[in-house]
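Hi,

Here is the structure I promised to pass on to you.

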Amino acid sequence: MFADADNEPDRARRYSTPRQLARIDEKSDRSVRLYGRQSPEMIDARIAELRAEWSLERIVQLNIAAVGLGTILLALTRNRRWGLATCGAMAFLFLHATDGFAPPVPVWRELGFRSRSEIDREIYALKALRGDFDDVEPVQPPSEEAKISEAGDAVGV
């Protein structure tokens, strides 16, 4: 049901269903295709929009902070048991920071929120379309002789 956690470096994608991932990836692909035919100024505007887009991580942080502050206030003014809710909110934040999962994440993914790395992928694709990487020389892998020579030099042979 969920993406393969072992092969996925983006922790938020680990806990997304294949349908959610397909929808989010299609949104990015559609945007890149659309802006591939636009002027560099239009691409600049889209990149600015993407930099301002609220990522899933930001939504998690904002919601946990709001719940944490609200329950601390309730614990100080009403009943100390509200402090347990603050601890729960902080536990969710800890879980998300270490593993990429918090209980509301599947709901937010269903609503279409993207992780920062997913947004950044679209930004880099648009930068490539704009020509930002045209001056970069491709790296040539070293020849077999060069590898052997370097290995020998490294050990003093």
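This is a predicted model: local features need pLDDT of at least 70, side-chain atom pairs count only at pLDDT 80 or more; totals for chains, interfaces and linings use all residues.

As for overall dimensions, the radius of gyration of the chain is 23 Å, whereas a compact globule of 157 residues would come out near 15 Å. Along the principal axes, the C-alpha atoms occupy a box of roughly 75 × 50 × 30 Å. Buried residues make up 27% of the 157. If we take contacts between residues at least 6 apart in sequence, 67% of them link residues at least 24 apart.

Now the surface and the charges. The accessible surface is about 10500 Å², and carbon and sulfur atoms account for 60% of that. There are 22 positive and 25 negative side chains, with 13 Å between the centres of the two sets.

The residue I would like to show you is Ser115. You will find Ser115 in the loop that runs between helix H6 (105-110) and helix H7 (116-130). Is Ser115 buried or exposed? Ser115 counts as buried because its relative accessibility is 0%, and the cut-off for buried is under 20%. The side chain of Ser115 makes a polar contact of 3.2 Å with the side chain of Ser117. Leaving aside residues up to four places away in sequence, Ser115 touches Asp10, Ala12, Ser55, Leu56, Glu57 and Arg109.

Best wishes

Methods. Residues are numbered from 1 along each chain as its sequence is written. Side-chain values use heavy atoms; hydrogens and water are left out. The radius of gyration is taken over C-alpha atoms; the globule rule is 2.2 Å times the number of residues to the power 0.38. Buried means under 20% relative accessible area, exposed over 50%, partly exposed in between (1.4 Å probe, protein chains only). Contact means heavy atoms within 4.5 Å. Accessible areas come from the Shrake-Rupley method with a 1.4 Å probe; for residues, only the protein chains shown count as cover. Lys and Arg count as positive and Asp and Glu as negative; His and the chain ends are not counted. The place of a charge is taken as NZ of Lys, CZ of Arg, CG of Asp or CD of Glu. Helices (H or I, at least four residues) and strands (E, at least two) are DSSP runs, numbered from the N terminus. A polar contact is a pair of N or O atoms within 3.5 Å; within protein, one must be able to donate a hydrogen and the other to accept it, and residues adjacent in sequence count only if both atoms are side-chain atoms.
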